[in-house]
Amino acid sequence: MKMNTLVVYFSKFGNTQKAAEAVGRALETAGAVRFLALDRLTAAALEGVDLVVMGTPTHRMNLPEAIQPALADLPKRILCDVRFAAFDSSYKLSGFLARFTAAPKLARKLGCLGGKRVLPPETFHVAEKEGPL
Ligand SMILES: Cc1cc2nc3c(=O)[nH]c(=O)nc-3n(C[C@H](O)[C@H](O)[C@H](O)COP(=O)(O)O)c2cc1C
């Protein structure tokens, strides 16, 4: 059976978008893949979707403030039983700081929206704030 994937992302400088496109391209071998900016995510966009892959940059060891309203506005159980994977793009920090990236927080949010996590949160590193990835 073909898998229907929706790749959702927020990207300020384009690095998270590049990572989203690479992940999406890889998933095209399993079926149809669509891309969507996070602030355009609606219940209608999730119709028939088997897998949501969502990515954001890490800002101040957290999810970017710019996406908080969009996430907060999503209907409560919008991801009910939809499989998901979360990723971020972040600096390559060493030691305990490396643990404070956006993806685990994003994964928790998506779980609260009813989604079923299928992979651990993933990080793609940028060399500088504006890239390269
Ligand atoms: C305001 C701001 C805060 C940031 N804070 C962090 C941080 O706490 N940890 C980290 O690893 N990277 C941090 N970064 C680096 C971003 O993660 C990096 O710029 C981002 O991955 C680029 O993604 P984008 O090109 O999709 O916007 C910060 C960047 C900005 C602009």
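D81 counts as exposed, with a relative accessibility of 53% (exposed means over 50% relative accessible area, buried under 20% and partly exposed in between, with a 1.4 Å probe and protein chains only). This is a predicted model, in which local features need pLDDT of at least 70 and side-chain atom pairs count only at pLDDT 80 or more, while totals for chains, interfaces and linings use all residues. Residues are numbered from 1 along each chain as its sequence is written, and side-chain values use heavy atoms, with hydrogens and water left out.

**The salt bridge**

- Searching the whole structure turns up one salt bridge (a side-chain nitrogen of Lys or Arg within 4 Å of a carboxyl oxygen of Asp or Glu).
- D81 and K116 are the partners, and their closest N and O atoms are 3.6 Å apart.
- The pair links distant parts of the chain, 35 residues apart: D81 sits in the loop between helix 2 (68-72) and strand 4, and K116 in strand 5 (residues 116-117). Helices (H or I, at least four residues) and strands (E, at least two) are DSSP runs, numbered from the N terminus.
- K116 is partly exposed, at a relative accessible area of 45%.

**Aromatic pairs**

- The whole structure holds two aromatic pairs (rings of Phe, Tyr and Trp, the last by its six-membered ring, with centres within 6.5 Å; planes under 30 degrees apart count as stacked, over 60 as edge-to-face and the rest as tilted).
- F87 and F124 have ring centres 5.5 Å apart and planes at 75°, so this pair is edge-to-face.
- This pair also joins distant parts of the chain, with F87 in strand 4 and F124 in strand 6 (residues 122-126), 37 residues apart.
- F87 is buried, at 2% relative accessible area, whereas F124 is partly exposed, at 29%.
- F96 and F100 make an edge-to-face pair too, with 6.0 Å from centre to centre and 85° between the planes.
- F96 is exposed, at 52% relative accessible area, and F100 is partly exposed, at 32%.

- Y91 belongs to strand 4 (residues 83-91) and is partly exposed, at 43% relative accessibility.

**S90 in strand 4**

- S90 lies in strand 4 and is buried, with 6% relative accessibility.
- Leaving out residues up to four places away in sequence, S90 touches T58, T101, T123, F124, H125 and V126 (contact means heavy atoms within 4.5 Å).

**R34 in strand 2**

- R34 is part of strand 2 (residues 31-37) and is partly exposed, at 37% relative accessible area.
- The R34 side chain reaches the backbone oxygen of A45 at 2.8 Å.
- Apart from neighbours within four places in sequence, R34 is in contact with T5, L6, V7, A45 and V49.
- R34 and E122 are 88 residues apart in sequence and 20 Å apart in space, C-alpha to C-alpha.

Notes: Polar contact = N/O pair within 3.5 Å; in protein donor to acceptor, adjacent residues only side chain to side chain.
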